Amino acid sequence: MALIVQKYGGTSVGTPERIAAVADRVIRWKQKGNDVIVVVSAMSGETNKLVALINAIDPQGSEREKDAILSTGEQVTIGLLAMALEKKGQPARSYTGGQVRILTDDAHTKARIVDIDAAPIRKDLSEGKVVVVAGFQGVAADGSITTLGRGGSDTTGVALAVALKADECQIYTDVDGVYTTDPRVEPKARHIPRLTLEEMLEMASQGSKVLQIRSVEFAYKYDMPIRVLSSFDEFGEGKSTLVTREEEVMEEVSVRGIAFNRDEAQLTVLGVPDRPGVAYQILGPISDANVEVDMIVQNIGSDGTTDFTFTVHKNDYTKARQILCKTAEAMGAKQCTGDEHIAKVAIVGAGMRSHAGVASKMFKTLADEGINIRMISTSEIKVAVVVDEKYLELAVRVLHDTFGLAQGA
């Protein structure tokens, strides 16, 4: 008998008919002798409706109250799925994040999981029930409802799989696995049957939307296999992508995929006096405001000043720019600027460790197309660049072709 955690996204549970189909699939897994825990998102479009209601009252309102509102979408789904399972003869029980005691910190709308009380779930599983848990949410130490940020249901699923020592965490979504890049941008994108967790972590961090980055961090830290499947493959006979720690990468494969992100903005402070601690003086207030910084570039000038550039999520751009410009003025900087019309493109592959010249090949490809590179960030298995947003899709397509990632390549 295996313990399987299954996570279903909003499109997978978007209608009563889809919920009934999920119930049928869960029952088939249960009938094979497995224990099953199901984590669900809000029905497709529901979270956006809740956000619209919040914005209609006060977009700058209390983060605590926003979480109280945003968490309700998943509560509807868990009740409906538990009812669908019971109607089909399968005992089930639903839990909110607070009821199952997914303990988080108090960073409302961006909370991080601290601990999970697995005892109630284990008891229900021992009684033959399917346990249905609301994704995306938890509870802070003071009892306040918290949410984990967009895509947080993936994190809930993997965290529960880790806490209960599941055999596998299955992420059901509207695609049948991970592709070399987004097929909507490059129609020749190729399905990848197997990836390392390290590669998936880089792809998620660089903008791939298939898995939420924090869920992959959990899986990587605790060696939890993730399988990405399509919820529209009724009998599970189609393609999927298995993401594990095992490294079975062919020697000749240097680049496995291309990730990109349209949701970044660039901030720059020019002419800051160059002295020890300048990076902390600039980024400290940004961090204190709970704004995550991605890429960073610092240039040292010959006149004793430095230029400092970094990127943040577009949702944080206005807040971050206000903080930065205030800090820049206090530091005696010459100028504070920003740009929301940028995009990040990254090539990723564990095989890059043993292949020289991958970065230069990328840079030459972009140069040949007249695409200027604004920023560069590298690791052992990725090279990421920031370019003007208008060049994003062209950059993805030419790089996909250059590195031979097309269908049948």
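The backbone nitrogen of Glu199 lies 3.0 Å from a polar side-chain atom of Thr196, a polar contact being a pair of N or O atoms within 3.5 Å, where within protein one must be able to donate a hydrogen and the other to accept it, and residues adjacent in sequence count only if both atoms are side-chain atoms. The model is predicted: local features need pLDDT of at least 70, side-chain atom pairs count only at pLDDT 80 or more, and totals for chains, interfaces and linings use all residues. Residues are numbered from 1 along each chain as its sequence is written, and side-chain values use heavy atoms, with hydrogens and water left out.

**Thr196**
- Thr196 belongs to strand β12 (residues 194-196); strands (E, at least two residues) and helices (H or I, at least four) are DSSP runs, numbered from the N terminus.
- Thr196 has a relative accessible area of 4% and is therefore buried (buried is under 20%, exposed over 50%, partly exposed in between, with a 1.4 Å probe and protein chains only).

**Strand β9**
- β9 pairs in the parallel sense with strand β1 (residues 3-8) over 5 bridges; pairing requires at least two DSSP bridges between two strands.
- Ile171 in β9 is the bridge partner of Lys7.
- Strand β13 (residues 226-230) also runs parallel to β9, joined by 5 bridges, and its Arg227 stands opposite Gln170.

**Helix α4**
- Met83 lies in helix α4 (residues 72-87).
- Met83 counts as exposed because its relative accessibility is 58%.
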